[in-house]
Amino acid sequence: MRITGYLFTFLILLICRQARSAQHTDEDYVLVVHSINFNETWTHQTYETIQTLITQEGLQVKGEELQIPIIKDTTEILNKLAYLREEYPLPPRAVVCIGDPAWLVIRPLFDNEWKGVPSLVCYSRGMVPRNIKDMVERKLDPQEAMVPTSTIIKGYNAITLSQPLYIRETIEMMQKMQPELKKVVFVNDNRYISILTRQEVQSVLEEQFPDLQLDVLSWPQLSTEHLLDTLTTYSNQDAGIIYYSWYAASQKGENHYLIDNVQKMTNSFSNPPVYVINDLDIEGGNFAGGHYISVEDFNKTVITYLLEMLKGKKIDNTHEHMAGTPRTYLNYQHLYRHGISPSRYPQNAVYFEQPPTFLEKYKVQIICGIVILILLMSVAFLRIRLLIQKRKTEEEQREKEKIEEANRLKTAFLANMSHEIRTPLNAIVGFSNLIAQGECPEENREEFCKTIETNNELLLQLINDILDLSKIEAGKLDFIYSDINISEMFNHLMQVFRDKTKPGVELICILPEKPYVIHSEKNRLMQVMSNFLTNACKFTFKGSITMGYEETEGGLRFYVTDTGKGIAEENIPHVFERFAKFDTFIQGTGLGLSICKTIIDCLKGEIGVKSKEGKGSTFWFTIPCEPVSDADSLTSESRP
């Protein structure tokens, strides 16, 4: 995971890097100042990351350890400043301080020798002592001796990167894995940062976990040997250990091995799991883990801000800047060895030393099984392929027949269209020429004009059907809805078709007493009814044609009944199919009823026919609708 973090940071550097117009000199450097030393894993990684990546920018990286915990008075602080002035007579390009105390100690340099040099304060805790004397004497009372870091750096070219301690989140995680938790044991030393952290832990427990007891194991109150002995007394059920730091000076007669290896020894001597609230390299199994911002995330942010400062970018320093995203990091084996059931492990954590999954454990067996399965499937595939090939051949034959049928229908359609269009055109052209050339007897002129008019209407209907068919094929049949007085619509149809019936045929219109007003597509309803009436007029030679509408459940039912020649029983299922034409001696394309069905389908209605050959037919359709208002409230069309 850490290698991945370095690679990611290196990629950021390559993207951000810009060509430089001049070579850097040997004195062009970045100075990293540590409050204590670089021995701790997390700060050592930060220093190495800066050294590795900033060197790629053509800058040197130098480091200084201030060893603040062992400073006894302000005189030693002055000696540190004198040393830095002598060691670095030329100001650095930028200064990175590991910890607030480091910046507080070297602040006088930014007032004089290093004035204007940008500085980045890493791992800031947000509060610092008012002065150096209070820091050396450990006067760290939050109310009296401490001030915000932002106040101290105000007026300087400096920003702070904070790594908050997620104490509450870590303790909540401990409670989930140890439901019987009653006591939190906090291991720390007497350094500046440790005292501040201990104060924060005490505050969190008092405010948010009042039922939990806090035991503080601190140096120099306890020796390292005494610390390890004390850890053996805690139960792994009701106690949880939080290790923060153990910076212990050598005491007379004390085992130096214990002091140098206290982090490793803590795990061996402690019965409960040992948690942390900052990244202390839990991959090795010495610690159970905790909720914190990882060193990798923090270092990415450090590099990003440092590069921006080196480019001269001004960064807002009125508040702290967060240095990464916190997550829960846990060592699976550490928890398991200390008696924590895996069923209690949180699901959204990042785990180290996690046992292999079922797939990883039985990878060889699974691969062998898959190979055998593939062989069996190959045999089955060959047999299935033969069946598919056979069905494919049959399907291709059916498709071929469909194509041939479509070509036949297309040819028939074109032939029919040419005949249907030529018939009215011949009549129109022929009678028009007779009238134009004056060869028409006066007594026949009216009859010729009527014939021309009839064929004009027939040709227009034919063209309209073809246009509607093309719109249906393109899926662009348009519908414009409006409020319609149905009774007025039928009165209009009555006027139009009264003169189109054959002699001796009566046209009847049956309407309900109360007119209905609905919201629908008037033109399309008129088109369907007109088609029904046109067909009735064509095939009815005596008797009557009756049209009307009536209320039905959920809508209205429209119908046209005639006493015409009717339809043979075997042809009724094909009435609404395209090009359905059962009498070749009657003009028409066979498209009208097919278009009617499409219109009614779009209106979410039903369409049908009842017919008996030689007795007549009834064409009907229904549409779902509700009355929108009284008919009298709308402006009606003129009635006959």
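Predicted model: local features only at pLDDT ≥ 70, side-chain atom pairs only at ≥ 80, totals over all residues.
Residues are numbered from 1 along each chain as its sequence is written, and side-chain values use heavy atoms, without hydrogens and water.

The chain holds 19 helices and 22 strands, taken as DSSP runs (helices H or I, at least four residues; strands E, at least two) and numbered from the N terminus. Of its 640 residues, 45% are buried, that is, under 20% relative accessible area with a 1.4 Å probe, protein chains only. Among contacts (heavy atoms within 4.5 Å) between residues at least 6 apart in sequence, 74% join residues at least 24 apart.

The axes of helices H18 and H19 come within 10 Å and cross at roughly 150°; axes are lines fitted to C-alpha atoms over the stretch in contact, and angles run from 0 to 180 degrees between N-to-C directions. H18 is therefore roughly antiparallel to H19, a term for angles over 145 degrees. Both helices contribute residues to the contact, as tabulated here.

| Helix | Contact residues |
|---|---|
| H18 | Arg 524, Gln 527, Val 528, Asn 531, Phe 532, Asn 535 |
| H19 | Gly 592, Leu 593, Ile 595, Cys 596, Ile 599, Ile 600 |

Asn 531 lies in H18 and counts as buried because its relative accessibility is 11%. Leaving aside neighbours within four places in sequence, Asn 531 is in contact with Gly 592, Leu 593 and Cys 596.

Terms used
Parallel < 35°, antiparallel > 145°, perpendicular 65-115°, else oblique. Buried < 20%, exposed > 50% of the residue type's maximum accessible area, 1.4 Å probe, protein only.
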